[in-house]
Amino acid sequence: MPLSRDLLRLADAVLLPGFEGTTPPDWLLRRLGDGLAGVVLFSRNIASVPQVAELTAALRAENPAVLVGTDEESGEVTRLEVATGSSRPGNYAVGVVDDTELTEALARDLGCDLAAAGVTVDFAPSSDVNSNPDNPVIGLRAFGADPDLVSRHTRAFVRGLQSAGVAACAKHFPGHGDTSVDSHHGVPVVGGEIEEALAPFAAAIDEGVRAVMTGHLLVPSHDPNAPATLSQKVLTGLLRNELGFEGMIVTDGIEMAAVSGAYGIGGASARAIAAGADAICVGGEHADEATAISVRDAIATAVADGLLPEERLADAARRVTELAEWTVAARARSLSGAPVAGSGSGGPGIGLDAARRALRITRRSAAPTLPISRPAQVVELSPEMNLAIDKGTPWGVGEPLSRMLPGTAVTRLAAGEATGPALENLLQDAEDRPLVIVVRDAHRYDWQGEALRHLLSARPDAVVVEMGLPARTDLGSVHIATYGSARVCGQAAAEAITGTL
């Protein structure tokens, strides 16, 4: 049976697809003019803030209330600064500082940049409690492992971002922190009770957060059969009825295997709306018109077949529209009286100041290892990161240290490259130089641990910089924990090494 135009338009009103390129394709503009809710911007769409501003202006010309969302968490997960690395540290570093006024100012500063680019919804903050240090996908994206700390910084982030006219989106409900599986690839299971994991989301709701993103997580204590994104018990029963959230619920990327594996992208989308989600985020991996059409048609067909009540779809579209109306009003207010982009309330150096404050330095030798004042040998051990982190995002200490100490040599090794002969060659090259070893979540990668032991057995005087979660600080003559790999974290570490901090 042919699907009515009104039903197809209603299905379009809950979709946030992605697209290829730095200018909007014709199909996207046409669909926006015909009722599509909005878009999601990925790294592939972003070259600079002025370019994004031009892109989003073209979108608003077709739909003045278009929702423009992106994953700009700062730190490791950055979209606006993917080419350079983030000028603000990520959540974990901010949590280590534990100054909520700083968190709010950083979020406001970020919001000003997003507003200038025309972004109206930021899929941040990550409000997960990272209670599992081996978590492969959250880690540094969380404010920490303590529910109270995560709650107060979630509040501060929401306040700061929304004061700049950009809607915040707490994620990944009901909490991705206590997991050991990446939902891009499989279904993470959250065992036991989840009261502590829910605390930051309750705090965000109390603070007036405008959106919440679902996590593709199986939570047996509430629903042993369906991941949260597809669970009416979790989205409607828990998030709506128990926690009282009235804003827009948006899914994490619906292509992810945890939900699309069993039902396909369209089937998962329809089931998510039926469960209580209001908007479907799609296009991280399938960013073409055919995918957007197939998801729309699958949702409309689910209504026609009686699997998705039309009233539920209409309610979802209403909530999306209400958020769009809020962003239009908030954007008008921010553009008329907010601080200029990039200045926020803390000045252009606020991100670097925060990264400096987050450093934790452990000196394990009486010898005066620091500061280093002559060219060094830097060895960076580079693991493969999860899909939320763009592989092209710059990180490390070698680049800023090379600027500060000209002649510094930098070698980066991936898992298969950190062989015994390669490490011996580096040790020979570093024989007359200070040695700086940079790692990233060394506790999660056996090969990094083995490489560290090899290097430190020959050079116990080396400086070790951990740019992930530091499981131990008793490595090297000096251990520097940055709690992040953002550009400013590398700069702060280089300053500490050279004594210019």
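Predicted model: local features only at pLDDT ≥ 70, side-chain atom pairs only at ≥ 80, totals over all residues.
Residues are numbered from 1 along each chain as its sequence is written, and side-chain values use heavy atoms, with hydrogens and water left out. Local features need pLDDT of at least 70 and side-chain atom pairs count only at pLDDT 80 or more, while totals for chains, interfaces and linings use all residues.

With a disulfide taken as a pair of cysteine sulfur atoms within 2.5 Å, the count is zero. For Cys-112, the closest cysteine sulfur belongs to Cys-169 and lies 20 Å away, too far for a bond. Cys-281 is also in no disulfide, the nearest cysteine sulfur, again that of Cys-169, being 9.3 Å away. Cys-112 is buried at 5% relative accessibility, and Cys-281 is buried at 5%; buried means under 20% relative accessible area, exposed over 50%, and partly exposed in between, for a 1.4 Å probe and protein chains only.

Helices (H or I, at least four residues) and strands (E, at least two) are DSSP runs numbered from the N terminus. Helix H7 covers residues 195-207, 13 residues in total, and reaches 18 Å from its first C-alpha to its last, close to the 18 Å expected at 1.5 Å a residue; the expected span is 1.5 Å times one less than the number of residues. Its buried residues are Ala-197, Leu-198, Pro-200, Phe-201, Ala-203, Ala-204 and Ile-205. They pack against helix H6 (147-163), strand E5 (167-173) and helix H8 (232-242), where contact means heavy atoms within 4.5 Å. Just after H7, Gly-208 has a positive phi of about 95°.

The structure contains 35 salt bridges, each a side-chain nitrogen of Lys or Arg within 4 Å of a carboxyl oxygen of Asp or Glu. One of them joins Glu-289 to Arg-30, with the closest N and O atoms 2.5 Å apart. This pair links distant parts of the chain, since Glu-289 is in helix H10 (residues 289-304) and Arg-30 in helix H2 (residues 26-33), 259 residues apart. Glu-289 is partly exposed at 22%, and Arg-30 is partly exposed at 49%.

Arg-88 is buried at 4% relative accessibility and forms a salt bridge with Glu-81 (3.8 Å, N to O), which is buried at 15%. Arg-88 also meets Asp-109 in a salt bridge (2.9 Å, N to O). Arg-88 lies in the loop between strand E3 (67-70) and helix H4 (91-97), and Asp-109 in helix H5 (residues 100-117), so the pair ties together parts 21 residues apart in sequence. Both Arg-88 and Asp-109 are buried. Elsewhere, salt bridges with shared partners join Arg-240, Glu-246, Asp-278, Arg-312, Asp-315, Arg-318, Arg-319 and Glu-322 into one network.
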